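Open the model in a viewer with the sequence panel showing. The tour goes from one selection to the next and says what is found at each stop.

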Amino acid sequence: MEVSYVVIGIVIYMVIAVGVAILARRSDITNMSGYFIGGRKMGGVISALSYSATTFSAFMLVGLAGLTYKGGVGALGFEIVYITGVSLVALFGPRFWLAGKKYGYVTPSEMIGDRFDSKASAAVIALVSCLFLIPYSAVQLAGVGYLLQGITNNGISFTTGVLIATIIAILFSNIAGIHSVMWTDALQALVMIISATAVVLVVVHQLGGFGEFFYNLESNYGEMLVVPGNGYFNFLTFLGLTIPWFFFSLSNPQVSQRLFMPASLRDLRKMLIGFLVFAVIYTFVAIMWGFSAMQMFPDLENPDLATPLLLSSGIIPTILGILVMVGIFAAAVSTIDSILLTLSSMFARDVYGNMRKDRTDAQQLRVGKVVIPIIAVLAFLFAQLELNLIAVLSVAASSGLIVSVPAFFGTFFWKRGTAAGVISSVAISALLVLVLEFTGMKPFGLWPGIWGILVSTVLFVGVSLLTKPPREKAEEFIGYIQTELKNR
């Protein structure tokens, strides 16, 4: 595809998105709640579209399509496990929302810190989130880099694509906080799903229709339609990839923080239902993209280039290709925006805000805004490593974040849990996951994420049983949630 077409598409997207972001400005963005969680006033439809755009970033049409190209239909099972894991939102969503409404929480780590009566617990979770989410942000940036590099046949370099995405993410995050991000997300989600579905229909038609498409797939790539297929998706690999993804909606703070945002429990339910519909459609679209690229471009060295090559193949109308490119580009930026806002809010609230008791809301907000570009630059530098297989890297980030899951269960369901249990389980398990990821070690064949959740659970329960819990706070917090759920 001509570089000029790509540039024009990005410029048009920027003009429209910036206009939407400016219109989304509200008077309440002068405080932490308004800037980072929309003042708890977000509607169900907007929340659903934003949740979808944030979750299905460069991972889907670049990463999941690439994973399908690499390992076949096992990628579908991998993503279905994630969709199944969203059932955790049905369990935890109302509890997050009620707790946030009652106690004024801005971040998930703040909630845990308050529940266990420990500022140190909040700070540890915030810092561990930064440790693993900055590389995840880099994955999104890399997705944009690969996309623009591939679709223009190196007319736009990988580094240039990453730089463009970084600058735009910083811009959107600063215009109106989460208000601008959610409204631009909604626009992006609609562009994503409509254009991506249209491309599937066009490509399948060019390949002879659905009957011919699946006949050729079965005849020439039959091993890719079963698990483990070519051997990539053996049981331990599948387990290692899916377990962190199953807990994604709870362990990733840029996602769980959104459970504070809906205006009502009814809007929260709309968000969940709308997301599930979007997820099912978009998952099958991404899988079809991977299988299409498999037939058209066999023997790719880098599977993450499957989508860019598909868009630049010439069989897709230029205007449709540009729309899809903009959709993927915008989705990646959306995820980075959300991560920037979440991490900056956690640092400002749970690290800086806990250093001294006199840190005001206004001071925390100023620090949060300063931290946004710093995190973005770190992600940009990490993205320059150009590591392969975006889907696997995404799971690696979630493998580190999964260590907070036992603390979330303890927050709502176990009064005996303690701050020492939270701190030890999160800090020690995160260090273990980090060592395993860097060394590539898989003791007994188990991936780092599996070890992370196992060790974290044992430490949280064991240390909690050996230390004194904040019984009064636990009774108040859990009792309030249980009472409110019964009455609604």
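Start by selecting Ser424, which at 14% relative accessibility counts as buried (buried means under 20% relative accessible area, exposed over 50%, partly exposed in between, with a 1.4 Å probe and protein chains only). This is a predicted model, in which local features need pLDDT of at least 70 and side-chain atom pairs count only at pLDDT 80 or more, while totals for chains, interfaces and linings use all residues. Residues are numbered from 1 along each chain as its sequence is written, and side-chain values use heavy atoms, with hydrogens and water left out.

Ser424 is found in helix α21, residues 419-439. Helices (H or I, at least four residues) and strands (E, at least two) are DSSP runs, numbered from the N terminus. Show the surroundings of Ser424: not counting residues up to four places away in sequence, Ser424 touches Ser429, Leu459 and Val463, where contact means heavy atoms within 4.5 Å.

Now zoom out to the whole chain. The protein has 23 helices and zero strands. Its radius of gyration, taken over C-alpha atoms, is 22 Å, close to the 23 Å that the globule rule gives for 488 residues, so the protein is as compact as a globular protein of that length; the rule is 2.2 Å times the number of residues to the power 0.38. Along the principal axes, the C-alpha trace spans about 65 × 50 × 45 Å. Of the 488 residues, 60% count as buried. Among contacts between residues at least 6 apart in sequence, 85% join residues at least 24 apart.

Next, colour the aromatic residues. How many aromatic pairs does a search of the whole structure find? The search finds 23. Rings of Phe, Tyr and Trp (its six-membered ring) pair if their centres lie within 6.5 Å; planes under 30 degrees apart count as stacked, over 60 as edge-to-face and the rest as tilted. Select Phe92 and Phe412, an edge-to-face pair with 5.9 Å centre to centre and 70° between the planes. This pair links distant parts of the chain, with Phe92 in helix α6 (residues 87-103) and Phe412 in helix α20 (residues 405-413), 320 residues apart. Both Phe92 and Phe412 are buried.

Move to Ala263, in the loop between α14 (253-256) and α15 (265-296). At 32% relative accessibility, Ala263 counts as partly exposed. Leaving aside neighbours within four places in sequence, Ala263 is in contact with Arg40, Lys41, Met42, Trp97 and Lys101. The C-alpha atoms of Ala263 and Arg40 are separated by 5.4 Å, although the two are 223 residues apart along the chain.

Stay with Arg40, which lies in the loop between α2 (32-37) and α3 (44-55). At 11% relative accessibility, Arg40 counts as buried. Its phi is near 60°, a positive value in a residue other than glycine. Most residues other than glycine have a negative phi.

The last stop is Asn153, in the loop between α8 (119-151) and α9 (158-176). Phi of Asn153 is near 55°, also a positive value in a residue other than glycine. Is Asn153 buried or exposed? Asn153 is exposed, with a relative accessible area of 65%.
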